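I opened the model to look up a few helices, ring pairs and strands. My notes are below, in the order I took them.

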Amino acid sequence: MEDATKSAVRRRKSDRHTRNVEDPSTKRRSSMSSIMNMYGRVQRLYQATEPGPSDVGGPIIVGTNSPVNKRRVFSGRKWLPPPLRKLSGGKVDKNGGSDRPPLKKTPSDKKFKSHICEMENKYVGLESGGEDESLKDHNGEEAEEELELPPPMKPITEPILIPTDDVQGQREQHNEKQSKLSVSDLANEEPVFQKREHVIQELVETERDYVKDLKKVIEGYITLMRDPECDIVMPDDLRDGKDKIIFGNIEAIYEWHRDCFLKALEGCIPHPEHLGPLFKRYERKLLMYVVYCQNKPVSDYIVSEYIDTYFEDLRVKLGHKLQLNDLLIKPVQRIMKYQLLLKELYKCAEKAKLTVEIEALRQATDIMHIVPKAANDMMDVGRLQGFEGKITAQGKLLLHGPLLCMEGTSGVNFKGKELHVFLFEQNIIFSETVGKKTQFTNPKYIYKNQIQVNKMSLDELTSDDKEISNLFCVKSTDPKTPMLAYVCQAATSKLRSDWLHNLRSILQTQRDFLKALQSPIAYQKELTKDPS
């Protein structure tokens with residue numbers, strides 16, 4: 001028996017070697033033959049197991065000699081790869097004795113024999129040193145591995161749809177359109193009105209956060225610094241009015257936003273068209289930021305001296321995460337935030353072609369351009385020295401810059417001296433520049449003279465001489481200073497036009513105001529008069 005086993009192993013090795021050296025054509029013929037044999041066995045097995053008309057509804061009893069008796073319960077072992085299959089300890093009983101219970105014939109029990117599985121099992125048997133006993137049936141013949149056969153498919157009743165040329169062309173056109181989509185197109189998929197709603201919502205939410213930050217300054221730092229019983233002692237240097245310089249007019253800004261502007265913005269959520277007119281209505285109130293920014297450089301200097309000592313102790317006591325200088329910069333950041341959000345709303349209105357809102361939002365955007373610029377201009381005003389009046393009482397700064405000026409009313413033999421001129425709503429101030437603007441320093445302005453706007457006249461001088469062109473004259477009509485007048489020369493014709501435009505505008509405003517005071521009824525009738 002042992003010799004026979006060894007002889008069988010040698011024959012199988014020899015056969016395998018022979019198969020390895022066969023030429024490709026022989027291998028192809030062998031493969032085709034195996035496939036055809038397997039197909040024939042499957043077909044015969046399917047016909048043998050097809051239930052007849054008399055078999056429907058009753059079980060089929062299979063004898064011990066039936067081929068179906070070779071079926072085994074699926075153990076999962078045959079699906080393992082060859083290296084792992086030999087590690088599996090599970091053996092399938094292939095002995096089809098009479099002790100096995102009869103099987104019910106069902107469509108899902110149909111199986112076919114796989115030559116690939118047979119070769120794998122033989123390979124495993126050889127690797128283990130002998131034949132696998134589980135691969136032999138009760139007659140001593142080698143049993144072939146079997147796979148479950150799926151149930152028969154239903155006949156195809158519907159025709160297979162093949163795309164026609166028209167459908168294919170439409171698909172190609174659709175793909176071309178999809179490929180042409182750019183990043184900007186994807187970014188513009190969001191509806192305009194939905195984007196506008198998001199911008200307004202962001203404006204309101206950031207306004208609420210802004211009010212909370214201002215509250216920390218007012219009810220936190222200012223309250224403790226004004227509390228005489230506070231356990232953190234204020235340095236003596238801050239007791240001489242410097243505490244007021246630190247915060248400027250931030251209390252007025254906080255109260256206006258808390259009581260007025262925040263509620264007005266919240267009312268714009270259901271009515272977005274009210275947002276543009278809202279900024280136009282509160283244009284003068286927003287000039288509070290100009291005053292705040294004018295005081296900001298001095299405030300930063302004082303805070304920096306005590307940021308790590310006194311103000312740090314106050315921060316720890318209040319439990320704030322941000323330092324005082326981080327909170328004091330919030331108003332400056334806020335006016336820039338208004339500008340950005342209004343630009344986005346203006347773009348949305350243009351895309352949606354909301355004609356009524358476009359003009360109002362354009363005016364609101366212009367206002368929030370003017371406010372930061374005015375804040376920067378007021379930094380220059382803060383360097384004006386020698387002016388005895390209150391600079392913040394002069395109204396909005398309309399225009400300022402260098403002009404060649406000469407006292408008098410005639411432009412003949414003009415020889416001007418450069419002065420820095422500030423045009424406010426209530427006053428025009430002439431000053432002399434001391435020093436130059438550099439990266440780290442700014443010039444100072446020494447006060448020379450002033451003319452009140454409500455007591456001023458304008459003379460637009462014209463001359464054919466290019467050397468004395470771009471002239472205009474402002475003179476006082478105040479009986480106290482009848483001889484006060486300045487002839488001014490701008491560097492370019494455009495600058496001259498800017499100065500003349502602002503001077504005409506402010507003088508017309510003063511005349512209208514005077515008419516309203518002298519005869520309010522006549523002035524009101526003139527306003528309501530139909531221009532046609």
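**Ground rules.** I am working with a predicted model, in which local features need pLDDT of at least 70 and side-chain atom pairs count only at pLDDT 80 or more, while totals for chains, interfaces and linings use all residues. Residues are numbered from 1 along each chain as its sequence is written, and side-chain values use heavy atoms, with hydrogens and water left out.

**Helix α12.** I took helices as DSSP runs of H or I of at least four residues, and strands as E runs of at least two, numbered from the N terminus. I looked up which residues of α12 (residues 310-318) are buried, that is, under 20% relative accessible area, with exposed meaning over 50% and partly exposed in between (1.4 Å probe, protein chains only). They are Y310, F311, L314 and R315. These residues lie on the same side of α12, because they cover an arc of only 135° around the axis; the arc is that of the directions from the helix axis to the C-beta atoms. I then checked their contacts, meaning heavy atoms within 4.5 Å. The buried residues of α12 pack against α7 (192-225), α8 (242-247), α11 (288-306) and α13 (324-328). After α12 comes G319, which has a positive phi near 75°.

**L322.** I found L322 in the loop between α12 and α13. L322 counts as partly exposed, because its relative accessibility is 34%. Leaving out residues up to four places away in sequence, L322 touches Y221, R315, L327 and K330. I also noted D213: it is 109 residues from L322 in sequence, and the C-alpha to C-alpha distance is 9.6 Å.

**Nonpolar cores.** A nonpolar core here is a set of buried Ala, Val, Leu, Ile, Met, Phe, Trp, Tyr and Cys residues joined through side-chain atoms within 4.5 Å. The largest has 60 residues, and F247, F279 and F311 touch the most other members. Helix α7 gives the most to this core, with 13 residues. I listed the contacts of F311 beyond four places in sequence: Y221, M225, L238, I246, V303, Y306 and L324. Another core lies apart from this one and has 21 residues, among them I451, F472, V474 and L503.

**R334.** Is R334 buried or exposed? R334 counts as buried, because its relative accessibility is 5%. R334 lies in helix α14 (residues 330-351). Not counting residues up to four places away, R334 touches L203, T206, E207, Y210 and Y289.

**Aromatic pairs.** I counted rings of Phe, Tyr and Trp (its six-membered ring) as a pair if their centres lie within 6.5 Å; planes under 30 degrees apart are stacked, over 60 edge-to-face, and the rest tilted. The structure holds 12 such pairs. F261 and Y338 are edge-to-face, because their ring centres are 5.9 Å apart and their planes stand at 80°. This pair links distant parts of the chain, with F261 in helix α9 (residues 250-266) and Y338 in helix α14, 77 residues apart. Both F261 and Y338 are buried. F422 and Y445 form an edge-to-face pair, 5.6 Å centre to centre with 80° between the planes. F422 lies in strand β5 (residues 417-424) and Y445 in strand β7 (residues 444-452), so this pair ties together parts 23 residues apart in sequence. F422 counts as buried at 0% relative accessibility, and Y445 is buried at 6%. I also noted one aromatic cluster formed by W256, F261, F279, Y282 and Y338.

**Sheet.** Strands pair if DSSP finds at least two bridges between them. An open sheet of eight strands runs in the order β3-β7-β6-β5-β4-β10-β9-β8, with mixed pairing. β3 (384-385) and β8 (456-459) stand at the edges with a single partner strand each, so one side of each has no neighbour in the sheet. β9 (residues 471-476) and β10 (residues 485-489) run antiparallel and are joined by five bridges; L471 stands opposite Q489 in β10. β8 and β9 are also antiparallel, with four bridges, and M456 stands opposite S476 in β9. Five of the six residues of β9 are buried, so this strand is largely enclosed by the rest of the structure.

**Helices on the sheet.** Axes are lines fitted to C-alpha atoms, for helices over the stretch in contact, and angles run from 0 to 180 degrees between N-to-C directions. Helix α16 (residues 493-518) lies across β4, β5, β8 and β9, at about 110° to β4.
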